Amino acid sequence: MFFIVGLRTKDRFHPSSVQPCEFCGVTAAQSLIERTTKFSLFFIPLFPVRRSRWIRACTHCGGSREISRREAAAA
């Protein structure tokens with residue numbers, strides 16, 4: 001008998017806002033991404049392994065950085 005286990009990271013995209021980018025300085029849409037990592041058994045995600053991470057990415061230059069949950073709620 002064998003088990004297939006692993007970790008799966010999934011990105012969930014939220015509505016973007018138009019703001020100046022902190023990398024390129026251009027006013028463009030800033031995507032808000034929620035990244036979650038879950039433990040999976042037989043390719044079925046069961047429970048989160050770590051807390052969700054929030055990432056803000058510029059659609060113009062592609063620059064991105066991790067932001068806090070508080071910043072994500074304000075956006």
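How many aromatic pairs does the count come to? In this predicted model, the count comes to two aromatic pairs. The rings of Phe3 and Phe42 have centres 6.1 Å apart and planes at 55 degrees, so this pair is tilted. The pair joins distant parts of the chain, with Phe3 in the segment before β1 and Phe42 in the loop between β2 and β3, 39 residues apart. Phe3 is exposed, its relative accessible area being 55%. In the other pair, the ring centres of Phe39 and Phe47 are 5.3 Å apart and the planes stand at 25 degrees, so the pair is stacked. Planes under 30 degrees apart count as stacked, which is why the angle of 25 degrees places Phe39 and Phe47 in that class. Phe39 is partly exposed, with a relative accessible area of 26%, and Phe47 is also partly exposed, at 44%.

Phe42 is placed in the loop between β2 (27-41) and β3 (44-48), and Phe43 is placed in the loop between β2 and β3 as well. Neither residue is a glycine, yet Phe42 has a positive phi of about 55 degrees and Phe43 has a positive phi of about 65 degrees. Phe42 counts as partly exposed, because its relative accessibility is 40%, whereas Phe43, with a relative accessible area of 66%, is exposed. Both residues belong to a nonpolar surface patch that also contains Met1, Phe2, Phe3, Ile4 and Val5. Together the members of this patch have about 900 Å² of accessible area. Met1 lies in the segment before β1 (5-20) and counts as exposed, with a relative accessibility of 96%. The tilted ring pair of Phe3 and Phe42 therefore lies between two members of the nonpolar patch.

Charged side chains were examined next. A search of the whole structure finds four salt bridges. One of them joins the side chains of Asp11 and Arg35, with an N to O distance of 2.7 Å. This pair links distant parts of the chain, since Asp11 is in strand β1 and Arg35 is in strand β2, 24 residues apart. Asp11 counts as partly exposed at 31% relative accessibility, and Arg35 is partly exposed with a relative accessible area of 25%. The side chains of Glu34 and Arg12 also meet in a salt bridge, at 3.7 Å from N to O. Here too the pair links distant parts of the chain: Glu34 is in strand β2 and Arg12 in strand β1, 22 residues apart. The two partners fall in separate accessibility classes: Glu34 is buried, with a relative accessible area of 12%, while Arg12 counts as exposed at 52%.

A further salt bridge is formed by Arg65 and Glu71, whose closest N and O atoms are 3.1 Å apart. Arg65 is partly exposed, with a relative accessible area of 29%, and Glu71 counts as partly exposed at 32% relative accessibility. Glu22, Arg65 and Glu71 are linked in a network of salt bridges.

Arg53 lies in strand β4 (residues 53-58). Arg53 is buried yet has no salt bridge, and the nearest side chain of opposite charge, that of Glu66, is 4.5 Å away. Apart from neighbours within four places in sequence, Arg53 is in contact with Ile33, Glu34, Arg35, Thr37 and Glu66. Among these contacts, Glu34 takes part in the salt bridge with Arg12 and Arg35 takes part in the one with Asp11.

Gly63 is placed in the loop between β4 and β5 (64-67). Gly63 is buried, because its relative accessible area is 15%. With neighbours within four places in sequence set aside, the contacts of Gly63 are Phe23, Arg56, Ala57 and Cys58. The C-alpha atoms of Gly63 and Gly6 are separated by 29 Å, and these residues are 57 residues apart along the chain.

Methods:
Residues are numbered from 1 along each chain as its sequence is written. This is a predicted model: local features need pLDDT of at least 70, side-chain atom pairs count only at pLDDT 80 or more; totals for chains, interfaces and linings use all residues. Side-chain values use heavy atoms; hydrogens and water are left out. Helices (H or I, at least four residues) and strands (E, at least two) are DSSP runs, numbered from the N terminus. Buried means under 20% relative accessible area, exposed over 50%, partly exposed in between (1.4 Å probe, protein chains only). Lys and Arg count as positive and Asp and Glu as negative; His and the chain ends are not counted. Contact means heavy atoms within 4.5 Å. Patches are made of residues with over 30% relative accessible area and no salt bridge: like charges are joined within 9 Å, nonpolar side chains (Val, Leu, Ile, Met, Phe, Trp, Tyr) within 5 Å. Accessible areas come from the Shrake-Rupley method with a 1.4 Å probe; for residues, only the protein chains shown count as cover. Rings of Phe, Tyr and Trp (its six-membered ring) pair if their centres lie within 6.5 Å; planes under 30 degrees apart count as stacked, over 60 as edge-to-face and the rest as tilted.
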